[in-house]
Every structure is written in structure tokens, then in C-alpha cells.
Amino acid sequence: MTTRWGLCGAGKISHDFSVAMKTLPAGDHQIAVIASRSLQRATEFAKKHSIPKAYGSYEELANDPDIDVVYLGVLHTEHWRVGLLFLKAGKNVLCEKPFAMNSRQVQDLVAAAKENNVFLMEAIWSRCFPVHAEVRRLLAKEAIGEVKLVKADFGSPQLHIPRSVEKELGGGALLDIGVYCLQFVLMVFNGERPKSIQATGVLLDSGVDESVAVVMKFSRKGMAICTFSIAARLPNDAVISGTKGSIRVVGPMHCPTTLVVNDEETEYPLPEPCLPMNFTNSTGLRYEAEEVRQCLLKGLKESPRMPLADSVLLTEIMDEIRKQVGVSFNQDSQ
């Protein structure tokens with residue numbers, strides 16, 4: 001049975017998602033529709049990626065009965081509004097990260113998915129990479145003993161990109177790239193709520209965060225330190241240190257192909273894309289597409305790799321960090 005995808009948004013990430021999909025068996029996945037607010041953009045996108053149908057509105061996609069799942073690749077300021085449109089129309093949804101602007105919006109999306117008995121997943125693609133699967137396997141068998149410290153960095157010079165710096169576009173390091181460091185920490189600590197969160201950072205003149213450092217404490221004397229920045233390049237590694245060894249996810253930690261366990265290195269190469277990509281290692285988007293397919297085939301309503309409870313907790317942690325650092329969005333008061 002072919003999983004029929006509808007893409008919502010004809011931007012850079014949808015391009016990469018479409019190209020990544022071509023590395024999967026054609027009988028398993030088909031992009032059947034592309035929807036954009038501009039019919040011209042949708043038509044151009046469809047032509048470029050050989051997609052049979054193009055819509056000039058999101059409503060048309062929501063009403064299309066021949067779609068199994070929608071990939072929501074619009075700007076995250078729109079995730080709540082557009083996500084609810086699809087969920088209430090009874091569509092399964094894979095929603096790009098960050099899930100929404102705050103935890104209230106995320107809880108609305110989760111509630112709508114449950115009310116309409118549909119699948120919903122935040123597209124934390126990292127969780128679906130083979131490297132992350134191996135990390136989970138090693139932690140489950142306590143290969144490095146008891147986890148004492150997790151360190152994750154992500155820094156990428158993005159001050160020239162409007163969506164990274166403008167408040168109206170949901171800018172800032174936290175929501176764009178910090179989310180990857182925090183989700184990694186939650187994965188290592190099995191979705192446990194931190195006992196304490198201490199965050200500090202510096203803001204841009206626009207009022208969004210440029211660079212942030214976060215320290216979290218967990219039970220059994222576990223700790224995590226995350227640093228992220230849209231002003232400077234960081235090592236972009238993630239390291240788990242335990243009582244019997246260490247695991248290093250070699251940068252880029254959010255889409256990794258190299259894992260080092262106690263100085264022993266393993267490579268997990270990605271297939272080559274058929275068209276140029278916008279983002280690093282984007283053919284790895286194939287892993288989350290396949291994860292969604294497997295969940296749908298099993299009749300699951302959420303992914304065990306990125307459960308909705310993790311997404312809710314992740315957003316609650318980000319809300320707290322924003323509060324401490326002094327970043328607020330219009331959506332917080334709506």
C-alpha cells in the first residue's frame with residue numbers, strides 16, 4: 001500500500017522533503033499533492049518535483065479525500081492555525097518543528113488530533129536517524145553506565161536570514177535550532193521532566209534570542225548543558241557522559257551520520273540527492289517519512305520515537321527558557 005502525501009507549503013524544506021522522498025521505494029511513498037497559498041508557486045513546485053496535483057489554497061488540500069497524510073512545511077507561526085485546519089478535517093499530520101509557538105498552541109494541536117482520532121507527529125527528524133536509534137539502543141542496555149552529563153551545542157550564523165531574526169516570523173535561536181539540543185536531552189533522559197531549568201541569553205534588537213545557554217538538572221544527579229546561537233558557529237556535537245564511558249554524536253548533531261562510542265567510530269552514510277538541497281544532510285528527511293508510514297500501517301496515532309508527550313514537554317521547557325531569557329511573542333497573549 002502506497003502512502004499518499006500532501007505537502008502544505010512550497011518552500012525550501014518542502015523541496016528537500018520531496019527530494020529525500022525520491023530515495024525511498026516508489027511503491028511505498030507518493031507525493032500526490034502540493035498546496036501553497038499561491039497557485040503559481042504550487043504549480044511550479046509540482047512541475048519541478050513531478051507531483052500530479054497542485055492547489056492554490058490549504059483548504060483544498062484539507063478537503064482532498066485521496067491523501068493519507070499531510071506534511072506541514074509552512075512557517076512555524078502558522079503551524080497552530082493550519083495544523084488545526086488539517087486535524088479537524090480528519091487528516092493525519094507530520095508537522096515541522098517547532099511544533100507551534102508555545103505550549104498552549106501545542107496542547108490545542110494534540111487535543112485536536114485526539115478528538116479526530118488522527119495521527120500527529122512533530123517532525124523532529126533527528127529522532128528517526130539511525131545514529132539516534134543506536135544511541136537509544138546503547139542507553140537502554142546501559143552501555144555507558146549511568147548517565148551523568150549530556151552536552152549539546154548548535155550554532156549556525158543566521159543573522160542574515162529574516163525568519164531567524166524577526167519576531168513576527170517567530171525568530172530566535174531557541175525555536176529554530178535550540179529545539180534540537182533540548183529534544184536530544186529529553187531523548188537521553190526518557191522524556192523525564194527536568195527538576196530545574198536555568199537559562200541565560202542575549203537578545204537581538206528585534207527582541208528574539210541570539211545566543212542562549214541552558215543548564216538542567218534531572219533525577220539521579222543527571223545534568224544537561226545546552227548552548228545555541230544564530231550568531232556563531234559552534235561544534236554542533238552532542239556528548240553523553242556516563243559512569244562507564246561516553247557517546248558522542250558528531251556534528252551536525254541534529255542530522256548526524258557519525259557516532260563515536262568510547263573512541264570507536266561508526267559511519268551511517270546517507271544516499272545522494274538527485275537535486276541540490278537547501279539544508280545539511282536533508283536526504284535524512286527520508287527517515288521521518290518512513291517512520292510516519294510505519295506508524296500509519298500499524299494504526300498508531302503517534303510515533304514512539306517522538307511521542308506527543310515529548311513534544312508537549314519540549315514546548316513547556318522552551319516556554320520557561322523564553323521567560324527566563326526575556327523573549328515573548330504576540331501568540332503568548334492571544
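**View 1. F154 is a buried residue of this predicted model.** The relative accessibility of F154 is 6%, so F154 counts as buried (under 20% relative accessible area; exposed is over 50% and partly exposed lies in between, with a 1.4 Å probe and protein chains only). Y180 is buried too, with a relative accessible area of 6%. F154 and Y180 form a tilted aromatic pair, 6.0 Å centre to centre with 35° between the planes. Rings of Phe, Tyr and Trp (its six-membered ring) pair if their centres lie within 6.5 Å; planes under 30 degrees apart are stacked, over 60 edge-to-face, and the rest tilted. F154 sits in strand β7 (residues 147-155) and Y180 in helix α8 (residues 173-188), 26 residues apart. Helices (H or I, at least four residues) and strands (E, at least two) are DSSP runs, numbered from the N terminus.

**View 2. F129 meets Y287 edge-to-face.** The structure holds six aromatic pairs. In the pair of F129 and Y287, ring centres are 5.1 Å apart and planes stand at 65°, so the geometry is edge-to-face. F129 lies in the loop between β6 (120-123) and α6 (130-140), and Y287 in helix α9 (residues 285-297), so the pair ties together parts 158 residues apart in sequence. F129 is buried at 0% relative accessibility. Y287 is buried at 16% relative accessible area.

**View 3. W5, F17 and Y71 form a cluster.** Ring pairs link these residues.

**View 4. R104 sits over W80.** The charged end of R104 is 6.0 Å from the centre of the W80 ring. The criterion is NZ of Lys or CZ of Arg within 6 Å of the ring centre and within 35 degrees of the ring normal.

**Notes.** Residues are numbered from 1 along each chain as its sequence is written, and side-chain values use heavy atoms, without hydrogens and water. In this predicted model, local features need pLDDT of at least 70 and side-chain atom pairs count only at pLDDT 80 or more, while totals for chains, interfaces and linings use all residues.
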